[in-house]
Structures are given as structure tokens and as C-alpha cells.
Amino acid sequence: IHFDVRQVFQCPTIAGLAAAAQMVGQPSSILSSHEPLEGTLSLTPIQHWFFKQNLSVPHHFNQAFLLSMKEPLEQVLLESALQYLLKHHDALRLRFKKEENQWTQEYMFFDDKTREEQICSFIDLSIIPYDQQASFIERTATTIQENLNIENGPVFQALLFDDTYTHSQRLLLVIHHLMVDSVSWRIL
């Protein structure tokens, strides 16, 4: 699909731009495929920059959100949704290897074993005294973030804090910055 910068300004809505854009060639089979990507691929420029920083702990370079739920989430449905997200967004299955001072990236194979791995953990906060819950959440969130691993996984984790006593939930989402930028993270 092709459009130029002039058209972006002349057609400032998505509907207008869609009407002005033109199809060029055949749609990519990658875009139309629903099969998870496999194999190795080149690092992006920002990934090259990241690895040039030679961080002492490259695994702990992440973004996290702690969300308060307005309505309760069902654990089984949440895990199922996150498994679908893992299958659909191939970047969440990337793993990185350093060989001979060179970093490479490869898609983790998505199979039945992958689907069985738990992406989301669940903690019942009602067993923690109320005055200790905030510090418990903070310590647990730090541990989750420290356990990300760009070589072996996980690079994305979720944790649902469920307080059955107050009927409230908080969802912690943590993802390594190599997998998503801050703009895409908000969409995700």
C-alpha cells in the first residue's frame, strides 16, 4: 500500500488516507500469513545500539505497567489471551544470542510446548496483611523484571494480583524493551 507525505497532510483521517492510498504489487505472504515466524533475522538499528551499550545486565532493560482492573479478570481467559498474544506478535518470541562478540536474534519456535508455558502468574493478595501489600507488590514486580532473560526467555511476563478480600485486582505487565517500543507498548 503506497501513499506519500503530501497525501498524509491532504487526507488527515485514516478513512481519507485509505481512499487516497494505492495498492502496489501483491500483498506480502508474511502479512497475510497467520503462522508464527521462525528462523533468524538481522538486528534492527536500535537493537545494534542497545547491544553496543554493553550493559552489565542486558536482561533488565524493560518496561512495566501495573494496572488496576475495573472489572475482575478470569485467570483462564487472561492466560488464554496472553498465549494468543505470544502467538500473534512474533517479537514476543524473539531470543538473542551472543557468539564471537556478535549478537543475533531468532524466533523461538511456537509449538505445543510453548503453548504450555505459563505467561501469567497469579497471586492471592488476601493472604498478605493489608499494610504489607504495597511493599509485597513492589518486591514481586522487581523480581519479575529481574527474571526476564533475552537469551532463554521469558521476555514478557504478566502477574495478576488478586485480592479476594477487597475484590480488587492489579495486573502487572512486564516486557523487555528489545521486544517493543514505548508507542507500541501502549497499543499492546
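I started with Phe-156 and listed its contacts, leaving out residues up to four places away in sequence. Phe-156 touches Leu-82, Leu-85, Leu-92, Ile-119, Leu-148, Leu-173, Val-174 and Ile-175. I keep in mind that this is a predicted model.

Next I looked up the core around this residue. Phe-156 belongs to the largest nonpolar core, which has 26 residues. I noted which members have the most contacts inside this core: Phe-51, Leu-82, Phe-96, Phe-156 and Met-179.

Which helices and strands each supply at least two residues of this core? I found α4 (45–52) and α5 (75–88) among the helices. On the strand side I found β3 (94–99), β4 (102–107), β6 (156–163) and β7 (168–176). The biggest giver is α5, with four residues.

Then I turned to a sheet. This one is open and has three strands, in the order β1-β4-β3. The pairing is antiparallel. Strands of a sheet pair through backbone hydrogen bonds.

Which strands stand at the edges? I wrote down β1 (39–41) and β3. Each has a single partner strand, so one side of each is left without a neighbour in the sheet. On average, neighbouring strands here are turned by 35 degrees against each other, with direction ignored.

Last, I checked β3 against β4. Six bridges join this antiparallel pair. I looked up one partner by name: Arg-95 is bridged to Glu-106 in β4.

How values were computed:
Residues are numbered from 1 along each chain as its sequence is written. This is a predicted model: local features need pLDDT of at least 70, side-chain atom pairs count only at pLDDT 80 or more; totals for chains, interfaces and linings use all residues. Side-chain values use heavy atoms; hydrogens and water are left out. A nonpolar core is a set of buried Ala, Val, Leu, Ile, Met, Phe, Trp, Tyr and Cys residues joined through side-chain atoms within 4.5 Å. Buried means under 20% relative accessible area, exposed over 50%, partly exposed in between (1.4 Å probe, protein chains only). Contact means heavy atoms within 4.5 Å. Two strands pair if DSSP finds at least two bridges between them. Axes are lines fitted to C-alpha atoms, for helices over the stretch in contact, and angles run from 0 to 180 degrees between N-to-C directions.
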